[in-house]
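Visitor: I would like to be walked through this structure, one question at a time.

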Amino acid sequence: QVRLVESGGGLVQPGGSLRLSCTASGFTFSYYSMSWYRQAPGKERELVAHITNDGGSTNYADSVKGRFTISRDNARNTAYLQLNSLKVEDTAVYYCNIPVFGLWGLGTQVTVSS
């Protein structure tokens with residue numbers, strides 16, 4: 001079964017950190033670039049970060065540059081999103097995505113609050 005499963009979300013104070021994981025199954029993960037998106041309540045889903053299939057190129061939304069880092073371990077069929085210096089406005093459900101498939105996970109909730 002082709003699927004993506006996110007994990008690692010939670011409640012964290014402003015300035016804190018989290019590491020999100022996205023584990024793929026049912027396809028050859030290393031063939032495809034992937035992205036992380038987020039959706040806050042009442043807002044549209046937005047692209048947060050993108051990484052090429054070999055991890056050689058990454059890009060980020062301006063709002064997270066310098067704070068978030070996307071990476072991947074193709075041997076583990078897993079991608080990561082390291083979230084540092086978290087702000088209240090980072091609160092959202094975070095999703096991973098394989099653009100060429102239009103494949104989405106169910107998301108993991110990140111809540112930043114004091």
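Predicted model: local features only at pLDDT ≥ 70, side-chain atom pairs only at ≥ 80, totals over all residues.

Visitor: What is the strand order in the open sheet of four strands?

Guide: Helices (H or I, at least four residues) and strands (E, at least two) are DSSP runs, numbered from the N terminus. Two strands pair if DSSP finds at least two bridges between them. In this sheet β1 (3-7) and β7 are the edge strands, each pairing on one side only. The pairing is antiparallel and the order is β1-β3-β8-β7.

Visitor: By how many degrees are neighbouring strands of this sheet turned against each other on average?

Guide: Axes are lines fitted to C-alpha atoms, for helices over the stretch in contact, and angles run from 0 to 180 degrees between N-to-C directions. For this sheet the direction is ignored, and the average is 15°.

Visitor: Which residue of β3 stands opposite Arg3?

Guide: β1 and β3 pair in the antiparallel sense over five bridges. Across this pairing, the residue opposite Arg3 is Ser25.

Visitor: Which residues have the most contacts inside the largest nonpolar core?

Guide: A nonpolar core is a set of buried Ala, Val, Leu, Ile, Met, Phe, Trp, Tyr and Cys residues joined through side-chain atoms within 4.5 Å. The largest one has 29 residues. Elements that give two or more residues to this core include β4 (34-39), β8 (78-83) and β9 (92-98). The residues with the most contacts inside the core are Met34, Trp36, Leu81 and Tyr94.

Visitor: How many residues of β9 are buried?

Guide: β9 pairs with β4 in the antiparallel sense over five bridges, and three bridges join β9 to β11, also antiparallel. β9 is mostly covered, and of its seven residues the number buried is six.

Visitor: Which residue takes a positive phi in the hairpin of β9 and β10?

Guide: β9 and β10 pair in the antiparallel sense over two bridges, and Ile98 has Leu103 as its bridge partner in β10. The hairpin has four residues between the strands, and the one with a positive phi near 65° is Gly102.

Visitor: Why does the aromatic pair of Phe27 and Phe101 tie together parts that are apart in sequence?

Guide: Rings of Phe, Tyr and Trp (its six-membered ring) pair if their centres lie within 6.5 Å; planes under 30 degrees apart count as stacked, over 60 as edge-to-face and the rest as tilted. Phe27 and Phe101 are edge-to-face, at 5.4 Å centre to centre and 80° between the planes. Phe27 lies in the loop between β3 and β4 and Phe101 in the loop between β9 and β10 (103-104), so the parts they tie together are apart in sequence by 74 residues.

Visitor: Over the face of which ring does Arg45 lie at 3.8 Å from the centre?

Guide: A charge sits over a ring if NZ of Lys or CZ of Arg is within 6 Å of the ring centre and within 35 degrees of the ring normal. Arg45 lies over the face of Trp104 at 4.5 Å from the ring centre. The ring at 3.8 Å is that of Tyr95.

Visitor: With which side chain does Arg38 make a polar contact of 3.0 Å?

Guide: A polar contact is a pair of N or O atoms within 3.5 Å; within protein, one must be able to donate a hydrogen and the other to accept it, and residues adjacent in sequence count only if both atoms are side-chain atoms. Arg38 lies in strand β4, and with 6% relative accessibility Arg38 counts as buried. Its side chain has a polar contact of 3.5 Å with the side chain of Ser63. The contact of 3.0 Å is with the side chain of Tyr94.

Technical notes: Residues numbered from 1 in each chain as written. Heavy atoms only, no water. Buried < 20%, exposed > 50% of the residue type's maximum accessible area, 1.4 Å probe, protein only.
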